[in-house]
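Let's take a walk through this chain, one piece at a time. Have the model open and turn it as you read.

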Amino acid sequence: MKLTTLLLTLLLSISFATTACADFQSGLDAAIKGDYKTAFREWQPLAKQGDANAQYNLGWMYYDGQGVDKDYKEAFKWYTKAAKQGDA
């Protein structure tokens, strides 16, 4: 249920430059397949560059322990960065 909600949210909110979109999409494709380590590798650089959707997804990954160890503090950090850009 959580993954379905996440995926629907992501699909409705994608609006990036072509290169970033390609990287984000690669991460999304990997996450859909359950390959969270690849999704993390794709989304982490985007999140560090300020991409709110990637930041939100890193927050979710840390919160849920998907591809990374559960870390609520790290999840909060990424959720906060995304929320400050309007992706609450």
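Start with helix H5 (72-83), and with its buried residues, which are Ala-75, Trp-78 and Ala-82. These residues cover an arc of only 70° around the axis, which puts them on the same side of H5. What do the buried residues of H5 pack against? Their partners are helix H3 (36-48) and helix H4 (52-64).

Keep in mind that you're looking at a predicted model. Stepping back for a moment, the chain has five helices and zero strands, so reading from the N terminus you simply get α-α-α-α-α. Of the 88 residues in the chain, 39% are buried. Take the contacts between residues at least 6 apart in sequence: 39% of them join residues at least 24 apart.

Back to H5 and its geometry. At the start of H5, Asp-71 points a side-chain oxygen to within 3.2 Å of the backbone nitrogen of Lys-73.

Now for charge pairing. Side chains of opposite charge can pair when their charged atoms come close. How many salt bridges does the structure hold? There is one, and Lys-77 forms it with Glu-74, with the closest N and O atoms 3.0 Å apart. Both Lys-77 and Glu-74 sit in helix H5, three residues apart, which is about one turn of the helix. Lys-77 is partly exposed, at a relative accessible area of 35%.

Next, move over to H4, one of the helices that the buried side of H5 packs against. H4 has 13 residues and reaches 18 Å from its first C-alpha to its last, close to the 18 Å expected at 1.5 Å a residue. Is H4 enclosed or open? Here 12 of the 13 residues are buried, so H4 is largely enclosed by the rest of the structure. Among those buried residues are Ala-52, Asn-53, Tyr-56, Trp-60 and Asp-64. At the start of H4, a side-chain oxygen of Asp-51 comes to within 3.0 Å of the backbone nitrogen of Asn-53. Just after H4, Gly-65 takes a positive phi of about 70°.

Leaving out residues up to four places away in sequence, Ala-82 touches Ala-52, Gln-55, Tyr-56 and Asp-87. The C-alpha atoms of Ala-82 and Ala-47 are 8.8 Å apart, although 35 residues separate the two along the chain.

That brings us to Asp-87, found in the segment after H5. Apart from neighbours within four places in sequence, Asp-87 is in contact with Ala-52, Asn-53, Tyr-56 and Ala-82. Which side chain of opposite charge is nearest to Asp-87, and how far away is it? The nearest is Lys-81, 14 Å away. A salt bridge needs the nitrogen and the carboxyl oxygen within 4 Å, and Asp-87 has none, even though this residue is buried.

How values were computed. Residues are numbered from 1 along each chain as its sequence is written. This is a predicted model: local features need pLDDT of at least 70, side-chain atom pairs count only at pLDDT 80 or more; totals for chains, interfaces and linings use all residues. Side-chain values use heavy atoms; hydrogens and water are left out. Helices (H or I, at least four residues) and strands (E, at least two) are DSSP runs, numbered from the N terminus. Buried means under 20% relative accessible area, exposed over 50%, partly exposed in between (1.4 Å probe, protein chains only). Lys and Arg count as positive and Asp and Glu as negative; His and the chain ends are not counted. Contact means heavy atoms within 4.5 Å. The arc is that of the directions from the helix axis to the C-beta atoms. A polar contact is a pair of N or O atoms within 3.5 Å; within protein, one must be able to donate a hydrogen and the other to accept it, and residues adjacent in sequence count only if both atoms are side-chain atoms. The expected span of a helix is 1.5 Å times one less than its number of residues.
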